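This report describes an assembly of protein chains through its folds, interfaces and charged contacts. Please consult the sequence and the structure shown below while reading.

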Amino acid sequence: MGAGEASNRQIKVKVNHLTKKFGDLLVLDDISFDVEKGDLLCVVGPTGCGKTTFLNSLTKIYDVTSGEILLDGHPADPKKDHIAYIFQGNSTMPWLTVEQNVAFGLDIRHTPKKEKKELTDRYLEIVGLTKYRKYYPKQLSASMLQRVSIARAFATEPELLLMDEPYGQLDIELRFKLEDELVRLWQMTGTTVIFITHNIEEAVYLGENIMILTNKPTTVKERLANRLPRPRDIAAPEFVRLREQVTDLIRWW
Amino acid sequence: MPMEQKRQLISCKRVNKSFQVPEGTHQVIRDFNLEAQENEFICLFGPGQCGKTTIINLIAGFELPDEGNILVGGELVTEPGPERGVVFQNITLFPWLTVMGNVEYGLKMAGVPKQERREQAQKYIDLVGLQGFENTFPVKLSGGMRQRVGIARAYCIEPKVMLMDEPFGALDAQTRYLMQEELQRIWQSEKRTVIFVTNNIEEAIYLADRIIVLSNCPATVKKEYVIDLPRPRKYTAPEFLALRKEITDIVDKTL
Amino acid sequence: MKKKQRTIMEPICAVISIFAFLCLWHLGVKGELGRLMPGPVPVIWMFLETMFGGTIGSRTMIVHILYSLIRVMAGYLLGAAAGVILGLAMGWNRLVEAVFSPLFRIIRPIPPIAWIPISIIWIGLGEDAKIFLIFLASFCNVTLNAWSGAKNVDKDYILAAQMLGARKSSLLFTIVLPASVPSVFAGLQVALSSCWATVLAAEMVRSSEGLGWIIIAGMNNNDMVQIMTGILAIGLVGMLLSMIFRKVETRLCRWNKSDS
């Protein structure tokens with residue numbers, strides 16, 4: 001579990017004995033873990049490890065077979081609790097401008113007009129898209145679209161942010177930039193983030209904690225605290241050591 | 001003849017290429033030069049949409065340069081031909097043919113008798129590790145397996161040159177490592193001259209004898225690196241990481 | 001699990017909705033409306049009775065259905081064959097496209113019924129005129145889909161084939177034709193239902209048998225039950241035809257489906 005220094009922090013998410021079967025096929029096998037408030041937890045597992053089912057169960061898209069997900073001690077309810085998602089691929093609305101896309105989540109939550117304007121402006125500024133506010137998604141590159149999604153998610157100031165491999169298809173250099181941006185946003189807002197990825201280096205680069213899943217039926221194999229100082233250096237010996245440790249726990253290829 | 005000099009196989013000399021777009025002329029390649037020797041593995045590495053695919057298309061003969069010329073095996077490239085096998089970014093298997101049908105397509109077009117082409121196709125299906133899937137349609141295969149078929153299909157016509165356009169771009173990070181190892185194994189057992197386009201620097205350093213770093217649009221050669229780390233290479237070795245940092249840095253400035 | 005639920009749910013819903021419809025129909029014609037409209041019981045009874053034993057006109061229902069089916073199939077297959085050839089040629093060759101597309105664009109929006117007078121004058125009152133009308137319904141739909149299928153073949157398939165050494169002549173049969181199959185089949189499916197729907201118009205041209213004739217004759221005799229029976233038969237056979245068609249398509253386009 002988390003390092004000693006943080007153990008007095010409040011538990012934000014508590015997952016107890018999460019189990020999911022499709023018919024007779026056991027996909028998630030008794031998964032339990034906690035996420036502290038303000039944590040950036042990276043979840044990484046081997047290819048085909050039931051990561052999508054894991055995420056869908058967390059978001060309650062699929063009903064779980066047994067187990068519970070508690071948010072601040074209450075059963076999580078996506079209708080009441082404010083959970084935001086960022087998926088792989090583009091999830092912006094093509095008929096809205098960048099600005100309207102960022103404001104979209106606020107519209108749904110009936111945020112007052114003035115506040116909506118402030119929040120939209122602020123997050124457009126942070127992700128560096130102020131110049132492009134009147135553009136439509138079709139006119140933007142893949143990395144800019146991911147920025148729109150990220151601004152949209154953070155603008156609603158969610159209690160929990162779930163990210164499913166949002167940078168999987170991007171160039172490495174762009175990925176580093178967006179990862180740095182995510183860390184900056186996370187540090188600024190103190191949002192609790194669960195970040196799911198296949199990319200081990202990315203998990204070590206981002207995570208305060210790293211949770212490693214096993215192959216199907218999926219369960220938690222190991223949980224590592226990652227207290228490397230930020231900004232992290234991918235070539236630093238401690239970084240490489242942690243990356244290799246995680247790789248050894250996952251490696252199937 | 002122990003000191004036999006390696007034969008030069010590909011030569012691109014002062015290649016320029018532009019496309020007409022609504023806003024006018026858009027130059028994608030400027031003064032591009034490349035010499036590749038027999039059995040050399042070359043990675044073209046560069047950011048974004050900077051014309052890497054166009055270079056592949058030009059060498060493949062899908063498009064013709066505006067200026068300059070491209071020679072493969074001493075002959076001017078004017079059209080696509082089976083001495084240049086292409087593995088496409090989006091794989092482009094023929095979905096109406098089985099794995100066997102896809103791999104043997106080129107031999108069928110060349111009029112190779114059925115028995116013979118089946119045997120040869122089988123050899124390459126085995127080489128990429130897909131034995132048992134001969135009669136499967138592509139739609140039933142995973143991304144990594146489809147790309148194996150793509151490689152086998154291009155290999156099966158026994159081209160002198162393999163042109164690979166970001167073949168692993170759509171795979172997840174772990175499957176990508178697997179395919180990189182597989183490609184290296186295949187290349188070591190069936191040597192070919194390979195031009196491999198990628199925007200992933202780890203992949204380039206892992207695979208290449210030589211990395212050509214391209215600038216952003218219009219693409220031109222920015223720098224060349226000869227990679228002489230022993231194979232198989234280790235992603236986390238200090239020399240590997242140092243090289244990666246160095247190359248990433250020079251690319252970053254061009255962004 | 002979800003899939004299993006769906007496979008049970010769908011037939012149950014189908015039975016319930018058909019039964020509910022029949023009940024509403026039955027109750028609806030109880031009052032005044034009953035004079036103008038027969039209930040479901042006499043219609044279904046007439047359908048079953050004439051199916052094997054009784055006759056409408058001088059023939060049983062089965063024979064009427066067969067007459068209509070033969071006309072539809074003849075027109076459909078001729079139209080489909082011509083449509084596939086013309087459509088693929090238009091998609092493949094710019095010149096063919098330039099020559100035929102203006103004509104085709106004019107002919108396509110004309111409903112088959114509009115051709116009835118002309119076809120009678122040209123071809124006469126025999127079977128040929130009926131088949132001609134059905135041919136038109138089939139031909140236009142199939143041509144349109146084959147054309148767009150062949151025209152929109154993923155360019156990468158062509159590049160891949162060229163790189164593997166295919167010549168232009170072999171591209172047509174090894175790439176363009178198979179790649180257009182899903183689109184051609186979509187056209188064939190629409191064409192089949194539209195041909196079947198045209199059977200009524202076709203049999204308006206002097207006939208003494210067929211499902212269209214049943215309805216026309218019912219109208220002339222003011223026999224509402226017979227008209228409804230004809231309508232029911234057209235609906236049922238049309239449904240069966242498209243079910244059979246879908247089975248054939250699944251078999252032939254195996255490669256296009258991710259789960260068989």
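Which residues are linked in a network of salt bridges? In this predicted model, the network joins A:R175, A:E179, A:E201 and A:R243 with B:E202 and B:R244.

## Interface of chains B and A

The network includes residues of both chain A and chain B, and one of the pairs between these chains is B:E202 with A:R243, whose side chains form a salt bridge with an N to O distance of 2.8 Å. Across the interface of chain B and chain A, five salt bridges are found.

The contact involves 26 residues of chain B and 23 residues of chain A. About 2000 Å² is buried between chain B and chain A, with 51% of this area on carbon and sulfur atoms.

## Interface of chains C and B

Between chain C and chain B, the number of salt bridges is zero. The contact is formed by 20 residues of chain C and 22 residues of chain B. The buried area is about 2000 Å², and carbon and sulfur atoms contribute 75% of it. On the side of chain C, the residues that lose the most area to chain B are C:M163, C:L164 and C:W255, which together account for 40% of what that side buries.

## Domains of chain B

Chain B is divided into two parts: domain 1 comprises 1-83 + 161-171 + 178-255, and domain 2 comprises 94-158. The centres of domain 1 and domain 2 of chain B, taken over C-alpha atoms, are 25 Å apart. In the contact between them, 16 residues of domain 1 of chain B meet 13 residues of domain 2 of chain B.

The two domains of chain B bury about 1300 Å² between them, 65% of it from carbon and sulfur atoms. Two salt bridges are counted between domain 1 and domain 2 of chain B. In chain B there is also a salt bridge between B:E182 and B:R148, with the closest N and O atoms 2.8 Å apart.

## An enclosed helix in chain B

Helix α2 (residues 99-109) of chain B is largely enclosed by the rest of the structure, because nine of its 11 residues are buried. The buried residues of α2(B) are B:V99, B:M100, B:G101, B:N102, B:V103, B:E104, B:Y105, B:G106 and B:L107.

These buried residues of α2(B) pack against α3 (114-127) and α4 (143-156) of chain B, and also against α7 (155-163) and α8 (168-204) of chain C. Just after α2(B), B:G111 adopts a positive phi of about 80 degrees.

## Chain C: fold and surface

Chain C contains 10 helices and zero strands. Its C-alpha trace spans about 70 × 60 × 30 Å along the principal axes. Of the 260 residues of chain C, 42% are buried. Among the contacts in chain C between residues at least 6 apart in sequence, 71% join residues at least 24 apart.

A nonpolar surface patch of about 640 Å² is formed by C:L95, C:V99, C:F100, C:L103, C:I106, C:I107 and C:I110. Within this group, C:I106 belongs to helix α4 (residues 94-107) of chain C. C:I106 is exposed, because its relative accessibility is 59%.

## Salt bridges within chains

Over all chains, the structure holds 46 salt bridges. One of the pairs within chain A is A:D34 with A:K14, at 3.1 Å from N to O. A:D34 is buried, with a relative accessible area of 19%, whereas A:K14 is partly exposed at 33% relative accessibility.

A further pair in chain A is A:R223 with A:D39, at 3.9 Å from N to O. A:R223 lies in strand β10 (residues 220-225) and A:D39 in the loop between β2 and β3 (40-44) of chain A, so the parts tied together are 184 residues apart in sequence. Both A:R223 and A:D39 are buried.

In chain B, B:E190 and B:K123 form a salt bridge, with 3.7 Å between the closest N and O atoms. B:E190 is in the loop between α5 (173-189) and β8 (193-198) and B:K123 in helix α3 of chain B, so the pair ties together parts 67 residues apart in sequence. B:E190 is buried at 18% relative accessibility, while B:K123 is partly exposed at 40%.

Note on methods: Residues are numbered from 1 along each chain as its sequence is written. Chains are lettered from A and ligands numbered from 1 in the order in which they are written. Side-chain values use heavy atoms; hydrogens and water are left out. Patches are made of residues with over 30% relative accessible area and no salt bridge: like charges are joined within 9 Å, nonpolar side chains (Val, Leu, Ile, Met, Phe, Trp, Tyr) within 5 Å. Accessible areas come from the Shrake-Rupley method with a 1.4 Å probe; for residues, only the protein chains shown count as cover. A salt bridge is a side-chain nitrogen of Lys or Arg within 4 Å of a carboxyl oxygen of Asp or Glu. Helices (H or I, at least four residues) and strands (E, at least two) are DSSP runs, numbered from the N terminus. Buried means under 20% relative accessible area, exposed over 50%, partly exposed in between (1.4 Å probe, protein chains only). Domain bounds come from an automatic or database domain assignment. Contact means heavy atoms within 4.5 Å. Buried area is the accessible area (1.4 Å probe) that two parts lose on being put together, summed over both.
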